[in-house]
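Keep the sequence and the 3D view at hand as you read.

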Amino acid sequence: MVIRLYDSVVLQPEFLSNDILPQLNAEPEPIHIVSRSPFEPQEFRFGVADLHPDYGLNDELVREIAPAIPVSVLNTHAMASTTRRFVAAFPGDVMFAVKCNPDPIFLQAMYDNGVRRFDVASLYEIALLRDLLPEARLYFMHPVKAPEAIAEAYYRHHVRAFVLDTDDELDKILQATNYADDLELFVRIAVPKGNVATDFSTKFGAKPDTAAALIARTGAHAAKLGVSFHVGTQCVDAQVYVNAIAYAAAVIADSSATVEVLDIGGGFPTVLCDDTPPPAVETYMALIHTALATHGFDGMEILCEAGRGLVADAGSLVVRVEGRKGDLLYINDGTYGGLFEAGGAIGLPYPARLVRRDPLRLGDGTAAFRLAGPTCDSVDMMNGPFMLPDDVQAGDWIVLDKLGAYGEVSRTNFNGFGAVHKAIIE
Ligand SMILES: Cc1ncc(COP(=O)(O)O)c(C=O)c1O
């Protein structure tokens with residue numbers, strides 16, 4: 001396979017205009033002009049044979065492309081197999097949380113591999129799904145919505161399922177839909193914090209003092225009543241779901257309402273560079289299944305809103321090292337680009353692999369590195385630690401894995417560093 005990003009075009013003198021010709025020597029040399037800037041994004045299509053056995057594009061291909069801007073790699077095969085495994089193991093119906101990767105290639109592959117319900121949080125996501133997958137069932141699962149968004153979702157896009165966590169939001173939904181009698185309403189409850197990367201019950205979810213009463217009141221207005229929670233993202237302890245299901249059961253019992261659907265949210269993790277990797281998805285599902293049965297939920301409709309657990313494994317990113325100061329590597333992507341969750345308070349330690357520019361160069365030993373993004377902002381830093389060969393140097397590339405969720409979707413053009421190539425593995 002031959003891929004050249006910066007082939008030069010050779011213009012022969014006979015093609016040059018009369019303005020230029022007199023400036024040339026009697027025996028003019030061909031003039032070389034660059035046909036394509038190395039910073040101009042391109043889309044590539046590769047096959048599984050172009051992948052490294054661990055993850056991402058193989059080293060020869062990275063050297064061949066020699067990218068000067070990051071390359072986001074979407075592996076539709078990995079996505080399909082993870083999705084099939086997840087759908088087979090989950091004791092209910094799986095929703096995909098569109099926010100974590102709304103790339104149409106992924107959405108279509110998700111649908112083709114058995115996911116027919118989608119958790120959408122904005123009108124943009126609703127319109128995207130309606131256009132791409134008109135038969136999909138949409139759930140508007142943002143707990144605080146604009147009234148216009150509710151009305152447009154209901155009347156234009158025929159969305160019937162909405163979530164809420166306050167009396168005010170219930171009133172808003174009822175008014176925006178003219179007190180419709182066909183609403184599927186979910187009350188999102190805050191659940192006790194577990195071992196997660198980000199707790200999702202600080203910002204959203206009805207607290208213990210209001211949850212049961214809100215469920216009861218919502219039940220009086222809903223054609224179908226549901227309860228939902230989210231344990232927090234990258235939940236590496238399956239027991240957290242068991243505790244949350246027990247808590248939900250207690251709140252529902254307290255409400256005395258007839259709840260028909262329990263939505264246990266997202267949070268399912270991917271394997272990062274943690275000392276203790278999370279258990280397999282089947283272990284989570286077995287514990288969840290038992291907890292549902294224990295609390296009398298087995299006859300009920302069960303949903304989840306999985307994001308990371310479905311798509312993280314299917315994305316990787318190739319970045320280039322532009323400079324090095326000791327253990328700090330200056331790379332051409334960062335927290336304002338495809339690496340938002342590697343920085344700040346979340347600081348996910350993504351698996352990293354070095355691709356040396358010179359394949360004959362040898363390294364000795366592995367070291368822990370920090371990464372600095374390309375923007376001028378000092379918070380554009382990623383502490384990892386990222387384990388790489390000690391000899392890493394400017395001009396080498398790093399392949400980062402597990403970026404199929406919350407990677408590309410967060411990219412901005414801050415400081416003008418938004419350009420990215422896209423490589424689709426099909
Ligand atoms: C309401 C809701 N559901 C589901 C998800 C997906 O979570 P995860 O990617 O942890 O599975 C999110 C993530 O932000 C969310 O806000």
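The chain has an average pLDDT of 92, and 91% of its residues score at least 70. One stretch needs care. Over residues 4-17, pLDDT stays under 50. The model has 26 contacts beyond four places in sequence for those residues. Where pLDDT is low, the predicted coordinates should not be read in detail.

Now take the chain as a whole. Its C-alpha atoms fill a box of roughly 95 × 55 × 40 Å along the principal axes. It holds 10 helices and 19 strands. Of its 426 residues, 45% count as buried. Consider the contacts with a separation of 6 or more: 75% of them join residues 24 or more positions apart.

Eight strands form a closed barrel in the order 5-6-7-8-9-10-11-12, and their pairing is parallel. From one strand to the next, the twist averages 25°.

Start at strand 5, residues 93-97. Four of its five residues are buried, so strand 5 is largely enclosed by the rest of the structure. Which strands pair with strand 5? One is strand 12, residues 301-306, which runs parallel to strand 5 and is joined to it by four bridges. Within this pairing, Asp93 has Leu303 as its bridge partner, and Phe96 has Ala306. The other is strand 6, residues 117-120, which pairs with strand 5 in the parallel sense over three bridges. Here Met95 is partnered by Arg117. Between strands 5 and 6, the chain passes through helix 3, residues 104-112. This β-α-β crossover is right-handed.

Strand 10 covers residues 224-228, and strand 11 covers residues 261-263. These two pair in the parallel sense over three bridges. Gly226 stands opposite Val261 of strand 11. Strand 11 is in turn joined to strand 12 by three bridges, and the two run parallel. Asp263 stands opposite Leu303 in strand 12. To get from strand 11 to strand 12, the chain crosses through helix 9, residues 281-294, and this β-α-β crossover is right-handed. Strand 12 is mostly covered, with five of its six residues buried.

An α-helix has 3.6 residues a turn, so residues three or four places apart point the same way.

Look at helix 4, residues 123-132. Which of its residues are buried? They are Glu125, Ile126 and Leu129. These residues cover an arc of only 100° around the axis, which puts them on the same side of helix 4. The face turned away from that buried side carries the exposed residues Tyr124 and Asp131. The cover over the buried residues includes strand 6, strand 7 (137-140) and helix 5 (147-155).

Helix 6 spans residues 167-176, and its buried residues are Glu169, Leu170, Ile173 and Ala176. Their arc around the axis is only 140°, which puts them on the same side of helix 6. Asp168 and Gln175 are exposed on the face turned away from the buried side. What do the buried residues of helix 6 pack against? They pack against helix 5, strand 8 (161-164) and helix 7 (211-219). After helix 6 comes Asn178, whose phi is positive, near 55°.

The last stop is a loop. Ala394 lies between strand 17 (381-389) and strand 18 (397-401). Is Ala394 buried or exposed? Ala394 has 12 other C-beta atoms within 10 Å, and a residue counts as exposed at 12 or fewer. Ala394 is therefore exposed. Take Gly323. In sequence, Ala394 and Gly323 are 71 residues apart. In space, the two are 4.9 Å apart, C-alpha to C-alpha.

Definitions and conventions: Residues are numbered from 1 along each chain as its sequence is written. This is a predicted model: local features need pLDDT of at least 70, side-chain atom pairs count only at pLDDT 80 or more; totals for chains, interfaces and linings use all residues. A residue is buried if 20 or more other C-beta atoms lie within 10 Å of its own, exposed if 12 or fewer, and partly exposed in between; C-beta atoms are placed from the backbone. Two strands pair if DSSP finds at least two bridges between them. A crossover is right-handed if, with the strands pointing away from the viewer, the path from the first strand over the helix to the second runs clockwise. The arc is that of the directions from the helix axis to the C-beta atoms. Two residues are in contact if their C-beta atoms, placed from the backbone, lie within 7 Å. pLDDT is the predictor's confidence in each residue, from 0 to 100. Axes are lines fitted to C-alpha atoms, for helices over the stretch in contact, and angles run from 0 to 180 degrees between N-to-C directions.
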